[in-house]
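Have the sequence and the model open as you read.

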Amino acid sequence: FVELARRAAAMSMCDQRYRGALLLFLAGGAHSAWVAGAVSGRSRHGVALAERGGSGGAGRGASLCMVQTVAPGATPGAGRAAAPSTDAEGPPLPLTAGERFALDEKTMSPAALARREEQLERSYELCREITAHYSKTFFMGTRLFPPDKARAVWAVYAWCRRTDDIVDKPRADRTSLRTELTEWQRRLTDVWEGKPYDLIDLALADTVRKFPALTITPFEDMIKGMVMDLDQNRFETFEELYVYCYRVAGTVGLMTMPIMGTADGYTEEDALEPALALGVALQLTNILRDVGEDRHRQRIYIPQEDLRRFGVSEQALIKGVRSDKYVALLKFQIERAREWYKRAEEGVNMLSQEARLPVRASLDMYSSILDKIEANQYDNFEKRAYTTKWEKLALLPGAWLKTRPK
């Protein structure tokens, strides 16, 4: 594992596709002495890779996705320790009951405590790598947090990423997906009870322990958003789309609020609405960026009422017809997204001082994608709007100035 991780970190930018595949193998396979052994007839859990893109869910738009395989009804049980699996075709066994993360430090020996810390370092590093590979803009913003808060946010993102990828995994029918989401919900409950199922869950369990104000509700709501993605590929009104945006993106603001903290004179309740607004703004941006990809999947996230208002038919959108009517429609959607960013801006100074710059920088970096769509002459069918690393870095001084006391 250590050698594989070292090789992944050393790969050049031109090897990113293979680096991503290796990282995802490690995410599912890095379990070291925590794995169970000699348990017959039990499904093994892990990750696989698949090509995809699109707007639904956290972190959408990567060229590779991490597909979480959840075995329905599998319950980790005690088993004797075994050497780590090296079979890439078969993901590793989950943590056993006896190996699950012991949160009570008082009951642990010094050796066990040291071993736990080693596993936590591996777990958080995997979450960091997943975040860096799949959401470069978001990751750059998180690098501005203090280390403890950055690690916690990476743990949350890794969970969101895996949740999203459960839905995107190729499958023969959707019945198995509903079963997997039910099992995923059970695993989430276990995390909140201090019983992580695998190495990546370990980081989230530790985050829940360190930030007790974290609640399970937004995580559960995100799972509901994944069910919406399964059942619904059209949205009649913006109100319907808002519910979806809240569940798959706005929830992230609620997940991370207890980690970021608030400034003196403000409560989490004060900052709640702007945090939700930022999530909605980010998802509306994803939707506009990914129209070209989503149309190939027969998915239309732009509200039907807006299509009718601007005279754009579903057939024209699916075919990628960039007419004057479509451009007018996009201008309206971009303005709506910017209004949500403005609402989000009101909450930046409600956050703790150490959280303001990361959030402001993320807001500025992500909203600049809208500028790119405009620079591409509103062609989001064939041209993907994105900001380069240097363009993101250039936004940091302005973001810093905006967070200074006036």
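Start with Ser368, which lies in helix H15 (helices are DSSP runs of H or I with at least four residues, numbered from the N terminus). This is a predicted model, where local features need pLDDT of at least 70, side-chain atom pairs count only at pLDDT 80 or more, and totals for chains, interfaces and linings use all residues. Residues are numbered from 1 along each chain as its sequence is written, and side-chain values use heavy atoms, with hydrogens and water left out.

Who does Ser368 touch? Leaving aside neighbours within four places in sequence, Ser368 is in contact (heavy atoms within 4.5 Å) with Thr387 and Leu395. The C-alpha atoms of Ser368 and Leu395 are 9.4 Å apart, though 27 residues separate the two along the chain.

Now zoom out to the helices. The axes of H15 (residues 353–375) and H16 (residues 389–402) come within 9 Å and cross at roughly 130°. That makes H15 oblique to H16 (angles under 35 degrees are roughly parallel, over 145 roughly antiparallel, 65 to 115 roughly perpendicular, and the rest oblique). Residues meeting here include Leu357 and Met365 in H15, and Leu396 and Trp400 in H16. By class, the contact of H15 with H16 has seven nonpolar, one polar and six charged residues (Ala, Val, Leu, Ile, Met, Phe, Trp, Tyr, Cys and Pro are nonpolar, Asp, Glu, Lys and Arg charged, the others, Gly among them, polar).

Here are some buried residues (under 20% relative accessible area, with exposed over 50% and partly exposed in between, using a 1.4 Å probe and protein chains only):

| Residue | Relative accessibility |
|---|---|
| Cys127 | 0% |
| Cys160 | 2% |
| Ser368 | 10% |

Key: Axes are lines fitted to C-alpha atoms, for helices over the stretch in contact, and angles run from 0 to 180 degrees between N-to-C directions. Helices (H or I, at least four residues) and strands (E, at least two) are DSSP runs, numbered from the N terminus.
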